[in-house]
Amino acid sequence: MAGNREYFYRRLHSLLGVIPVGLFLIQHLVVNHFATKGADSFNKAAHFMESLPFRYVLEIFVIFLPLLFHAIYGIYIAFTAKNNASRYNFFRNWMFVLQRFTGIVTLIFVVWHVWETRIAAAFGAEVNFNMMENILSNPFMLWFYIIGVVSTIFHFANGLWSFAVSWGITVTPRSQLISTYVTIGIFIALSIVGIRAIFAFVS
Amino acid sequence: MAENSTVHFIISRQDSPDSEPYQEEFHVPYRPNMNVISALMEIRRNPVNAEGKETSPITWDMNCLEEVCGACSMIINGKPRQSCSAIVDQLEQPIRLEPMRTFPVVRDLQVDRSRMFDSLKKVKAWIPIDGTYDLGPGPRMPEVKRQWAYELSKCMTCGVCLEACPNVNSKSNFIGPAPLSQVRLFNAHPTGEMNKAERLNAIMEDGGLTNCGNSQNCVQSCPKGIPLTTSIAALNRDTTLQSFKNFFGSDQV
Ligand code: SF4
Ligand code: FES
């Protein structure tokens, strides 16, 4: 009998993308949004997150390990597809291609972003308003962050749509259509939150 | 009309399963109401290509000639469909024919769809009624449900949905939409339901249901209008429950 590890991995991949990685994304975007209220309020919010109890345990089990699995298995999924949107020009097929494309963009962005902030912090840098202000004062980095953040949010919102299908929550065409609208709404709302935060660092 | 007196075909050919594909062009005399198969038959009668050279007749597969067997599927002007129901008058010229390369090409336009029949065996896409004693008549099926199931039963294993699926390719072992939808059909049958768990477990194996990436090309391409993505989502729900039962055990069989 063939194994069913693949079934487990695919479902785990789908689940981890939403819980905890997706939830972490929302929380992260909300904390960033404090930047729109000024440097002090951002620093306070960031400091609060940093001083949560069991910080390393939370970081490892809520962020790094799930993210690592989602990323590595995601690369495998992305490269086993043979994209054919030019021949089959349908909305969902384009979403399929974009989901894989934004997955890769998001991965590049997140790796760089973690390197520049969290790893730098481990080597003694302080993650605060000034740090982000410095990074984003470079126009190239500003665009890199805008593209990275929007791509991450797209990947999350569209991933939420597939999550609902993959777990059998939305079955009928109508429920899938409604969840398309809902996830487009989530994409727009979170993009506004994310982009506003980015521009709050640009003086 | 003068320009309609011949029909221009560009056909992708291949002499053996492993040889390189090449293209050959043909001008076939026009007849009213002709379809792609009748044009291929005309080439078979008179195998002369556009350059006026004698060539070998084209190999293709066919059977029912009324779009119910699925054997004659090929890619016609970029779309996988049945060549028996592809009416020349409705196609843009030149008409380009290619084999469905998702499947192993036997020769020219003929492909080997065995993998689909193997998949149907794998998921036990039938109702087991043989016993060592008379099993008697099965339970009745409500008429509305019968009508609903009839739509799913229209699948002719043509392979168009596998051809359209980006996740069915040489890098993956995804079973594809058609056999999955058949699991839903046979699990919905009052007698077939008795083997529901067995079928669900079969599609939870490697290469099974979870390989679906929701591009939904299948449902857009199926010539029989089978609600493939609804079937897949419904099976996602069923396998979710089944996997919990498998893991935790269940209070009922
Ligand atoms: S589901 Fe539709 S496209 Fe797929 S094999 Fe059956 S008839 Fe063909
Ligand atoms: S010959 Fe049977 S579907 Fe075309």
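Over residues 142-169 of chain A the chain is 89% helix and 0% strand, with the end C-alpha atoms 38 Å apart; helices here are DSSP runs of H or I with at least four residues, and strands are runs of E with at least two, numbered from the N terminus. This is a predicted model, in which local features need pLDDT of at least 70 and side-chain atom pairs count only at pLDDT 80 or more, while totals for chains, interfaces and linings use all residues. Residues are numbered from 1 along each chain as its sequence is written, chains are lettered from A and ligands numbered from 1 in the order in which they are written, and side-chain values use heavy atoms, with hydrogens and water left out.

The stretch 142-169 is one of those that UniProt, in an unreviewed entry, lists as "transmembrane region", together with residues 12-36, 56-79, 91-115 and 181-202 of chain A; such annotations may be inferred rather than shown by experiment. Residues 91-115 of chain A are 100% helix and 0% strand, and the C-alpha atoms at their ends lie 35 Å apart.

**The α7 and α8 pair.** Two packed helices are described by the angle between their axes and the distance between the axes. In chain A, the axes of helix α7 (residues 139-166) and helix α8 (residues 173-200) come within 9 Å and cross at roughly 155°, the axes being lines fitted to C-alpha atoms over the stretch in contact and the angles running from 0 to 180 degrees between N-to-C directions. The helices α7(A) and α8(A) are therefore roughly antiparallel to each other, a term for angles over 145 degrees. The crossing of α7(A) and α8(A) is right-handed, meaning that the near helix is turned clockwise from the far one by less than a right angle. Residues of α7(A), including A:Leu142, A:Tyr145, A:Ile153 and A:Trp161, meet residues of α8(A), among them A:Gln176, A:Thr183, A:Phe187 and A:Gly194, where contact means heavy atoms within 4.5 Å. By class, the contact of α7(A) with α8(A) has 18 nonpolar, six polar and no charged residues.

Leaving aside neighbours within four places in sequence, A:His113 is in contact with A:His28, A:Arg118 and A:Tyr145.

**Accessibility.** In the table, buried means under 20% relative accessible area, exposed over 50%, and partly exposed in between, with a 1.4 Å probe and protein chains only.

| Residue | Relative accessible area | Class |
|---|---|---|
| A:His28 | 26% | partly exposed |
| A:His113 | 16% | buried |
| A:Asn32 | 17% | buried |
| A:Tyr73 | 12% | buried |
| B:Pro47 | 14% | buried |

A:Tyr73, in helix α4 (residues 55-80) of chain A, is in contact with A:Glu6, A:Tyr9, A:Arg10 and A:His13, leaving aside its neighbours within four places in sequence. The C-alpha atoms of A:Tyr73 and A:Arg10 are separated by 8.2 Å, although these residues are 63 residues apart along the chain. In chain B, B:Pro47 is placed in the loop between α1 (36-45) and β3 (73-76), and the C-alpha atoms of B:Pro47 and B:Ser119, 72 residues apart along the chain, are separated by 37 Å.

Terms used
Angles under 35 degrees count as roughly parallel, over 145 as roughly antiparallel, 65 to 115 as roughly perpendicular and the rest as oblique. Ala, Val, Leu, Ile, Met, Phe, Trp, Tyr, Cys and Pro count as nonpolar, Asp, Glu, Lys and Arg as charged, and the others, Gly among them, as polar.
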